[in-house]
Amino acid sequence: MKHRRWFKAFALLAVLSVVAAACANDSGGGGGGGGGGVDCATVEFGCVEVGADEAINLGAAQVISGADATLGQDQVNALELALDHLDGTFDQKDGTLLDHPVKLTTEDELCSAEGGQTAGTALAADASIVAVIGTSCSSAALGVADKLLGDKGILLISGSNTSPALTDPALHNPFYARTAHNDRIQGAIVAEFALGADLGAKTAATIADESPYTQGLVGAFEANFEAGGGTLTGSEQVDSEDTDFKPVLRSLAEQKPDVLYFPIFVAACTLIIKQAAEIMPDTTLIVSDGCLSSDTLKNAGKAADGVWASSPDLSAFQTNEFYSGEFIPAYQAAFGSDPLSVFHAHAYDAANVVFEAIKKVAIDNGDGSLSIPRQALRDAVFATSGYKGVTGTITCLPTGDCATDVTIGMFLGPGWPVEGGKGDTTAKYTDTKSLDDVL
Amino acid sequence: MAGTEAPRVEAVRLSRFEQLPWRRIILIILGIVVIGVVGVGATRTLTLGKAEGGYSAGAWRDFVVQGTAQGAIYAMIALGYSLVYGILRMINFAHGEVFMAGSFGSFFFADAYEKSGFLDRDPILALAIVTAVAIGVSVGTAVLLERLAYRPLRNAPRLVPLITAIGASLFLQNTFRGFFGPQPYGYPKPVVLAGNITVLGVPVQRIQLLVLVVAVICMTVLQWFVSTTTTGRSMRAVAQDREIASLMGINVDRVIVTTFVIGGVLAGIAGVLYSLTFEQVQFTMGFKPGIAAFTAAVLGGIGSIGGAALGGFVIGLLQAVGPPLILTGFGIPSVFSLKDAFVFLVLVLVLVFRPGGLLGTGEAEKV
């Protein structure tokens with residue numbers, strides 16, 4: 001009988017606490033509705049409520065640990081500069097957006113699908129996140145972070161995803177956009193370079209790995225190379241964790257290709273450079289920005305001489321006075337070093353595109369709080385047209401590509417534009433294309 | 001005796017259908033299909049013209065050499081798996097990390113010697129010291145593993161040490177990652193090992209020749225050790241029956257430690273050879289060779305030394321020669337992307353026909 005009484009008391013307490021927890025969520029931000037004709041209570045995906053004394057929460061999903069950390073950390077640094085520049089100057093003091101401070105919530109996406117899953121879940125669960133700048137790597141976004149965030153109506157805009165699959169009409173998530181280039185352009189420019197006067201190649205072979213980034217580049221290269229009159233003699237795929245590529249290279253060497261294009265990541269790329277030097281010494285080797293790293297030059301040594309690498313050509317930005325006169329000095333002052341990678345300007349532009357969109361669609365509830373409708377924010381970003389960013393003119397297409405004209409440069413090893421690059425590190429060949437020019 | 005008659009037992013008569021030896025029939029059909037596929041694929045590949053993707057004699061020769069050199073390294077690591085399985089009836093999944101530890105340990109010496117020029121001035125002495133360091137680190141790791149991770153679980157159910165081994169493998173990988181970072185380090189190669197050398201008219205890379213020679217010497221020494229010396233015979237005795245061996249006066253603990261030491265020595269040498277071949281060390285480098293070597297040990301007959309050696313060479317050759325020989329004939333565009341699938345398919349087929357592995361007894365042994 002005693003037990004019965006304790007049990008009843010406990011059960012009552014449990015029920016009361018569950019009810020209390022459920023009711024607690026409803027408090028705060030009750031304003032809603034208001035001007036702009038958007039009813040936050042009924043519109044799809046709702047609104048983000050920013051209280052009168054609260055900061056606007058900007059999310060970031062970037063790789064900040066591991067072998068590719070420089071790629072993500074560089075962009076996080078750029079985002080902090082974007083917060084700084086809200087007040088119009090780089091004074092290491094953050095500005096405000098619509099009288100609210102902006103805070104950055106960063107999640108590590110580990111440059112992998114698993115990392116994209118964790119980061120996406122963490123950010124999607126936070127109802128105060130307005131938009132997310134990310135991911136760093138296409139593998140973390142494709143079907144993972146873009147879906148997790150898109151299902152909650154949270155806009156995901158990337159400064160470094162380049163895989164064509166992310167903006168393919170069949171696969172594109174409506175809440176995904178990017179200011180980085182689409183690799184269909186990079187692959188086309190590499191193919192054009194291979195066929196052109198510098199190399200004059202007639203035959204080519206390719207090696208891809210299992211990542212969407214590599215497969216996008218190889219696909220674009222092959223399509224444009226063949227359309228330009230070249231012949232593809234072999235197309236192999238390897239595992240990025242393999243070490244022995246000698247049989248694959250020997251097999252491709254049979255047909256004596258003029259060019260071997262293998263846009264894979266640093267670990268496997270270094271090994272192929274070394275092994276190809278012995279197995280196919282007469283073939284010109286071309287890699288892309290996934291391999292463009294000081295680690296490659298260090299570990300491949302002499303074998304990296306004469307290897308071509310394609311990458312966004314930042315020297316195009318050097319003529320932009322804001323970039324070289326204000327942005328880079330501010331970066332050096334705030335972080336004590338030169339930029340770590342090549343996508344900082346794209347991330348900076350992504351953040352500013354989002355800020356402009358927030359200014360357009362945020363509803364002032366009159367008491368100092370804001371309501372930002374998610375669908376309207378997304379529509380405003382996708383309506384961005386002719387915006388003058390650091391990387392160029394930004395006009396977003398319905399499929400999510402916002403970089404209109406893309407300049408890609410070809411760099412000859414050891415003159416790569418990274419730490420450890422020797423000699424002349426300017427691009428030996430550059431071209432600018434837009435999506436309409438390529439296959 | 002009234003009443004009770006013994007119940008008549010009727011012989012159970014199987015119908016003609018049930019009498020057929022179904023297992024053998026299925027095996028025979030499967031065998032014919034496999035031989036058919038291999039035969040058709042190989043003939044078609046070999047009759048392909050150059051323009052259609054056929055390979056020249058030089059290419060086949062190179063594939064065989066590459067496969068054998070890679071297989072030699074797998075064989076040396078596989079010996080570690082087989083020896084430990086023979087003695088303890090457990091798979092030491094952390095053996096790949098023992099191999100990696102030796103490599104990493106020797107990297108610092110090799111790097112220092114290269115920077116000072118010692119590596120090229122006196123390559124034999126330099127490499128000898130580097131190998132000694134690698135052996136030391138590998139043996140140290142193996143002995144620590146045995147003492148801390150496996151000895152307390154000597155009498156636990158078979159699944160428990162298996163899981164511990166996987167845990168130890170992850171622990172070692174991440175310890176090295178924590179200490180040395182996730183990036184690959186370039187491993188130096190002495191000038192004397194660069195380039196090719198022609199042996200019996202076959203151009204071979206010097207490092208590949210070194211790998212083959214060292215591997216064969218190690219395996220011969222091991223075979224002599226296990227068959228003639230007292231310790232070797234104690235190892236075989238403990239492998240046969242642990243209890244009786246201890247009753248016969250053999251110090252079982254010491255024998256088990258010796259087994260791990262020998263496995264560590266071989267892994268350390270394999271580590272140096274692997275690093276010289278690929279000129280790179282990284283904390284993940286033990287994972288794939290570990291799996292390949294484990295597959296090799298199972299393929300050749302787990303627990304058997306000859307089996308591990310044979311399995312290593314077979315896996316190496318399958319990886320290099322298999323996809324181009326058999327899959328090109330079927331017009332598959334990127335044959336090397338199926339390399340791993342091909343190797344594991346062969347493993348499955350071998351185990352179907354010979355459950356104990358190539359050099360096993362032909363009967364299944366339950367793990």
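In the predicted model, the centres of domain 1 and domain 2 of chain A, taken over C-alpha atoms, are separated by 31 Å. Domain bounds come from an automatic or database domain assignment. Domain 1 of chain A comprises 47-180 + 343-404, and domain 2 comprises 184-314 + 407-437. Ten residues from domain 1 of chain A and ten residues from domain 2 of chain A make up their contact (C-beta atoms, placed from the backbone, within 7 Å). On the domain 1 side, four residues are nonpolar, five polar and one charged. Here Ala, Val, Leu, Ile, Met, Phe, Trp, Tyr, Cys and Pro count as nonpolar, Asp, Glu, Lys and Arg as charged, and the others, Gly among them, as polar.

Residues are numbered from 1 along each chain as its sequence is written, and chains are lettered from A and ligands numbered from 1 in the order in which they are written. Local features need pLDDT of at least 70 and side-chain atom pairs pLDDT 80 or more, whereas totals for chains, interfaces and linings use all residues.

Chain A also touches chain B. The contact joins 24 residues of chain A to 23 residues of chain B. Strand 9 (231-237), helix 7 (246-253), helix 8 (266-279) and helix 9 (294-300) of chain A each supply at least two residues to this side. Helix 7 of chain A gives the most, with five residues. Helices (H or I, at least four residues) and strands (E, at least two) are DSSP runs, numbered from the N terminus. The chain A side has ten charged, eight polar and six nonpolar residues.

Average pLDDT (the predictor's confidence in each residue, from 0 to 100) is 88 for chain A, and 95% of the residues score at least 70. Over residues 25-35 of chain A, pLDDT stays under 50. The model has 18 contacts beyond four places in sequence for residues 25-35 of chain A. Where pLDDT is low, the predicted coordinates should not be read in detail.

Terms used. Contact = placed C-beta atoms within 7 Å.
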